[in-house]
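Hi,

Here is the structure I promised to pass on. Have a look at it first, and my notes on what turned up are just below.

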Amino acid sequence: VRITRWLMNICCLVGVIASLYLKGAAAAYWLFPFMVVSFFLSEIRYAYLFNSTAVLLSLPVLIRDKEMGELLVILGALLMTSLIAYIFASWTRHQRELLSKMATIDHLTGVQNRRALTKKLRESVEMSGRTGEEISIILMDLDYFKQVNDQHGHTQGDQLLIHFCQLVSNNIRLTDRLYRYGGEEFILILRGYGLPQAMMVAEKLRRAVLDDEKLATHDVTVSSGVAVLRCGETEDQWLHRVDSALYQSKNNGRNQITPAEDDADYGDTKSALFSE
């Protein structure tokens, strides 16, 4: 798409300048729509590059065919057109970025939402299929969180969710991504991590929740399921396996981590991690 936009801008530029040199200054009016269109076809900085190039290339013809007063009027009008196009393009870009953020960010916790998660899971499956990179996910659920809402109100519950997300963010890599899956469920995507490393991260987060004074005050713990992406697996199958692992953690007493059942390469990592 970027190459196509550049080619379209170059073709328009060549067409406008060719018209000027063939038809004379009467064709200068084509500069105005070109300046507006360039802001829609290119990034703002490149649009200014194209516009400046167009003006510089057209100057010899304008100077030859126009008197100084008329030349200054044309140049002033071109400058005003470029400025207005810049303002409109900047505003449109800001609105587009704002809408994109609203569509992918959970408004309460500030982490990415389920829409963004769906897209990222699909991208992860495709990338792993091409490169063979290991990718794991951790599905976390806050235990007994409903009791917090019932006893202390939803405002306090919301504050705990925000605090939990901050706690997780402080204990993961910058390249890891946290998503709100729904309610008090969150998914962490770990690129480059197989199941043993992902289990270590899950255990680190479980202990961080246990040691956190604010969460401990409300008797909130975290149960997790962990699954590494298998070869040929779809994102729905991946999610189903990690959801089953989380269900097993909840069913076995909560405040624990369970790997997906068919991740056989997990080996003895669990016993090594939880021997204490």
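The open sheet has 5 strands in the order β2-β3-β1-β4-β5, and the pairing is mixed (two strands pair if DSSP finds at least two bridges between them; strands are DSSP runs of E with at least two residues, helices are runs of H or I with at least four, and both are numbered from the N terminus). β2 (177-182) and β5 (257-259) are the edge strands with a single partner each, so one side of each has no neighbour in the sheet. On average, neighbouring strands are turned by 20° against each other, direction ignored. β2 and β3 (residues 185-191) run antiparallel and are joined by 5 bridges; Tyr 179, for instance, has Ile 187 in β3 as its bridge partner.

Before I go on, a word on the numbers: this is a predicted model, where local features need pLDDT of at least 70 and side-chain atom pairs count only at pLDDT 80 or more, while totals for chains, interfaces and linings use all residues. Residues are numbered from 1 along each chain as its sequence is written, and side-chain values use heavy atoms, with hydrogens and water left out.

Back to the sheet. Helix α10 (residues 235-251) lies across β1 (135-143), β2, β3, β4 (221-228) and β5, and runs at about 145° to β4 (axes are lines fitted to C-alpha atoms, for helices over the stretch in contact, and angles run from 0 to 180 degrees between N-to-C directions).

In α6 (residues 145-152), Phe 145, Val 148 and Asn 149 are buried (under 20% relative accessible area; exposed is over 50% and partly exposed is in between, with a 1.4 Å probe and protein chains only). Seen down the axis, these buried residues fall within an arc of 95°, so they line one face of α6 (the arc is that of the directions from the helix axis to the C-beta atoms). They pack against β1 and α7 (154-169) (contact means heavy atoms within 4.5 Å). Lys 146, Asp 150 and Gln 151 are exposed on the other side of α6. Gly 153 follows the helix and has a positive phi, near 95°.

The other helix is α2 (residues 31-41), where Leu 31, Phe 34, Met 35, Ser 38, Phe 39 and Leu 41 are buried. Their arc around the axis is only 165°, which puts them on the same side of α2. Among what covers them are α1 (2-23), α3 (44-65) and α4 (68-104).

Then the holes. The largest pocket has a volume of about 260 Å³, and its lining includes Arg 5, Phe 39, Arg 93 and Glu 97 (on a 1 Å grid over the protein atoms alone, a pocket is an open set of points with protein on both sides within 12 Å along at least five of seven lines, a cavity is a set where a 1.4 Å probe fits but cannot get out, and lining residues have an atom within 4 Å of a point). α4 gives the most to this lining, with 5 residues. Glu 97 lies in α4 and is partly exposed, at 46% relative accessible area.

A search of the whole structure finds 1 cavity of 30 Å³ or more. The largest cavity has a volume of about 40 Å³ (a volume is the space filled by probe spheres set on the grid points, which are joined across faces, edges and corners). Trp 6 and Tyr 46 are among the residues that line the largest cavity, and α1 gives the most to that lining, with 3 residues.

Cheers
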